[in-house]
Amino acid sequence: MAAPASGHAEIPSVQGDKRVAIRSPTFAEAALLKFGSSDLLWTTKFALPSRDFPSLREQIADAVSRVISCGMRTSSDLPHSSARKLRLLFSACEALDDHLDDPEESTVASWRKVAQLDPNNAAATATLAFLEAEAGSPPSNNSPQAVALRTVARKHLQQARSINDRLGMNYAAKAILLPSWRYRDRLAALNHGLALDPDCAVLHNLMSIALRDVGDLEDAIASARRAVELEPSSAAHRQNLISALMYAGYIETAKTELESAERVWRDSFTIREVRSRFDFRFGDPDRQIQNIDGGNVIPNTSAEWQKWIMRTFLLARAKPTAENIKTAVNAAAAFVRRGGPPHGPLQSIVALGRTDEAYELLEIPRAMTALREEGVNILFRVNMRALRLDRRFMALANNLGLVQFWQSSGIWPDFCDDEDLPYDCKAEARRLHPKPP
């Protein structure tokens, strides 16, 4: 496709016509039209760069590829579908990849319409089940809305499997419906799905997350890369790869991937969210403080969290005086003690060198329950190394069911190869469980 200019530029297509038009001095618009007609099927806007037209071309090609690929995976007869059906499908496909900035019920509602329009479409129903399961997670969430979402997800999963039991998305939904602490069952569901549908990118993405929960970071990166290879137009899969890299300690590689993703998905909430996490833990703390003080909205955070927990931690990173560290640790600990999720505060406390305070917080039953039910992957991140180097770590892992999993599965976490580790993982496992489970 040539650089955009006034008027329209056509991009050849197997499934339909694509048009790109400059609508104002500030944005371009891409659209899909029913082949041989003027029926509008899908449209989206892109901010016009001042100079970087190659980047704009890449963004447009990526967006078009994403919705068409999704449509082809979902419909077995895309060229002969009605314009109404295609409009619904492409709209739902657009929401699928970057739905974090859209109310979850909106994305679920879009896919519910697609599934209702074609009740015998196993792919659409399986995707709906996956999204409902995701919106109702974690399984420990007992709110009426979450329980209702998981209930209807199971119903739709059963319906999809009755039509086609070999679809990877069936097993993606099944895995999401399992508590994360059921490590073996979750991995078994994902492995079963991949054996049947090895090219399902969502399964590889979920496998990456499940492997991080048991400390297998290198294989988690490989699974994340495979998801990206299968669906290179997915911002969600790219975000997961960046997360897997940075939390395993490949900071520069993660930074390179992030900068590349920002060029293609500059308006993506998913990419902005991973940028905020990268900068918070590994980026320039002074710049992050300026962003907070300037009122910039940081994705997935409240104003209170930004100004209280985040700012004190960033200040301690920027100026690690005893007073600043004490203030940041006290703020993080107070948040956990009053019932807040422990995942972020624990990382901050350990990163600031206060391992004893972290272990004290983990003696709070409510904090341990939250850690167990909402994901233990933070324990294996590079910024949590000091926690693992402490001899108390294997007892902690045992309380979370991890030692039993490692010992019975033979899948040992990467940190066991750390040369500075003052204990032997397998010897500690035998001490804790003289007879393997």
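Reply: What follows describes the disulfides one after the other. This is a predicted model, in which local features need pLDDT of at least 70 and side-chain atom pairs count only at pLDDT 80 or more, while totals for chains, interfaces and linings use all residues. Residues are numbered from 1 along each chain as its sequence is written, and side-chain values use heavy atoms, with hydrogens and water left out.

The structure holds 2 disulfides, a disulfide being a pair of cysteine sulfur atoms within 2.5 Å. With bonded cysteines counted along the chain, they follow the pattern 1-2, 3-4.

Cys70 and Cys93 form one of them, with their sulfur atoms 2.1 Å apart. This pair links distant parts of the chain, since Cys70 lies in helix α1 (residues 53–74) and Cys93, 23 residues apart from it, in helix α2 (residues 83–97); helices here are DSSP runs of H or I with at least four residues, numbered from the N terminus. The torsion about the S-S bond of Cys70 and Cys93 is about -75 degrees, so this disulfide is left-handed. Both Cys70 and Cys93 are buried, where buried means under 20% relative accessible area, exposed over 50%, and partly exposed in between, with a 1.4 Å probe and protein chains only.

Cys416 and Cys425 form a disulfide as well, their sulfur atoms lying 2.1 Å apart, and because the torsion about their S-S bond is about -100 degrees, the disulfide is left-handed. Cys416 is partly exposed, with a relative accessible area of 21%, whereas Cys425 counts as buried at 3% relative accessibility.

Note on methods
Helices (H or I, at least four residues) and strands (E, at least two) are DSSP runs, numbered from the N terminus.
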